[in-house]
Amino acid sequence: MTTTGVGYHCGTINCCGGWYVVAKSMECGTCAGYFTYGIKFICEDLGFPIDFDVINYNAGTASICYWAKDNPSIWGNNEGQFMFNDKHAFYHPTKRPEGALNLRHIIDHWTEVAERVKALEAQQTRMDITKSLAVIPVDEKLDAIIHATLVK
Ligand SMILES: [Zn+2]
């Protein structure tokens with residue numbers, strides 16, 4: 001058994017991190033040795049803060065894990081917090097009743113998460129403020145006294 005990072009073993013759920021690095025770098029390689037860097041890249045690519053030390057990494061502290069825990073309907077189950085620790089984080093009642101048994105299961109799960117996020121974004125309607133801005137008289141003189149007070 002090969003370690004994929006500090007204390008992480010190849011052939012486990014940890015491999016997804018290592019393979020993500022290989023996939024991103026487009027280089028031939030294996031998952032071994034890259035686990036923690038994979039988590040960093042996944043967080044970066046999805047817009048989560050890198051709030052852990054990559055070398056002394058503890059998956060339980062990663063913001064992306066807490067996001068999954070706090071958003072079970074988007075993640076797809078209540079075990080998202082353990083996405084880097086436990087195969088059951090990828091549980092689906094019909095598609096993956098035993099959780100992730102291989103990398104295909106993890107990829108499928110993440111694809112489903114991405115589709116749920118896209119569907120949510122499509123539902124969101126933001127107000128177009130440009131019509132309101134257009135009626136504001138742009139030439140109106142402003143009171144310089146307020147500015148002078150603020151810069152004191
Ligand atoms: Zn591996």
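Biologist: How is the crossing of H1 and H2 to be read, as left-handed or right-handed?

Modeller: A crossing is left-handed if the near helix is turned anticlockwise from the far one by less than a right angle, and right-handed if clockwise. H1 and H2 cross in the left-handed sense. This is a predicted model, in which local features need pLDDT of at least 70 and side-chain atom pairs count only at pLDDT 80 or more, while totals for chains, interfaces and linings use all residues. Residues are numbered from 1 along each chain as its sequence is written.

Biologist: At what angle do the axes of H1 and H2 cross?

Modeller: Axes are lines fitted to C-alpha atoms, for helices over the stretch in contact, and angles run from 0 to 180 degrees between N-to-C directions. The axis of H1 (residues 15-25) comes within 7 Å of that of H2 (residues 35-46), and the two cross at roughly 70°. H1 and H2 are therefore roughly perpendicular (65 to 115 degrees; under 35 is roughly parallel, over 145 roughly antiparallel, the rest oblique).

Biologist: Which residues in H1 and H2 meet?

Modeller: Contact requires C-beta atoms, placed from the backbone, within 7 Å. From H1 come Cys16, Gly17, Gly18, Tyr20, Val21 and Lys24; they meet Phe35, Thr36, Tyr37, Gly38, Ile39, Phe41 and Ile42 in H2. By class, the residues of this contact are eight nonpolar, four polar and one charged (nonpolar: Ala, Val, Leu, Ile, Met, Phe, Trp, Tyr, Cys and Pro; charged: Asp, Glu, Lys and Arg; polar: the others, Gly among them).

Biologist: Which residues in H1 are buried?

Modeller: A residue is buried if 20 or more other C-beta atoms lie within 10 Å of its own, exposed if 12 or fewer, and partly exposed in between. In H1, the buried residues are Cys15, Cys16, Gly17, Gly18, Trp19, Tyr20 and Val21. After H1 comes Met26, with a positive phi near 55°. Cys31 lies in the loop between H1 and H2 and is buried, because 24 other C-beta atoms are within 10 Å. Its C-alpha is 7.9 Å from that of Tyr20, eleven residues away in sequence.

Biologist: Why does His9 count as partly exposed?

Modeller: His9, in strand S2 (residues 8-9), counts as partly exposed because it has 15 C-beta neighbours inside 10 Å.

Biologist: Is Arg96 buried or exposed?

Modeller: Arg96 sits in the loop between H4 and helix H5 (103-123). Arg96 is buried, because 22 other C-beta atoms lie within 10 Å. Leaving aside residues up to four places away in sequence, Arg96 touches Phe90, Tyr91, His105 and His109. Between Arg96 and His109, 13 residues apart in sequence, the C-alpha distance is 8.9 Å.

Biologist: How many helices and strands does the secondary structure of the protein come to?

Modeller: Helices (H or I, at least four residues) and strands (E, at least two) are DSSP runs, numbered from the N terminus. The protein has seven helices and two strands, in the order β-β-α-α-α-α-α-α-α. Of its 152 residues, 26% count as buried.

Biologist: Where in the protein is confidence lowest, and where highest?

Modeller: pLDDT is the predictor's confidence in each residue, from 0 to 100. Its mean over the protein is 81, with 82% of residues at 70 or more. Confidence is lowest in strand S1 (residues 3-5), at a mean of 44, and highest in helix H4 (residues 72-75), at 96. Residues 1-5 have pLDDT below 50, and beyond near neighbours in sequence this stretch has 23 contacts in the model.

Terms used. Two residues are in contact if their C-beta atoms, placed from the backbone, lie within 7 Å.
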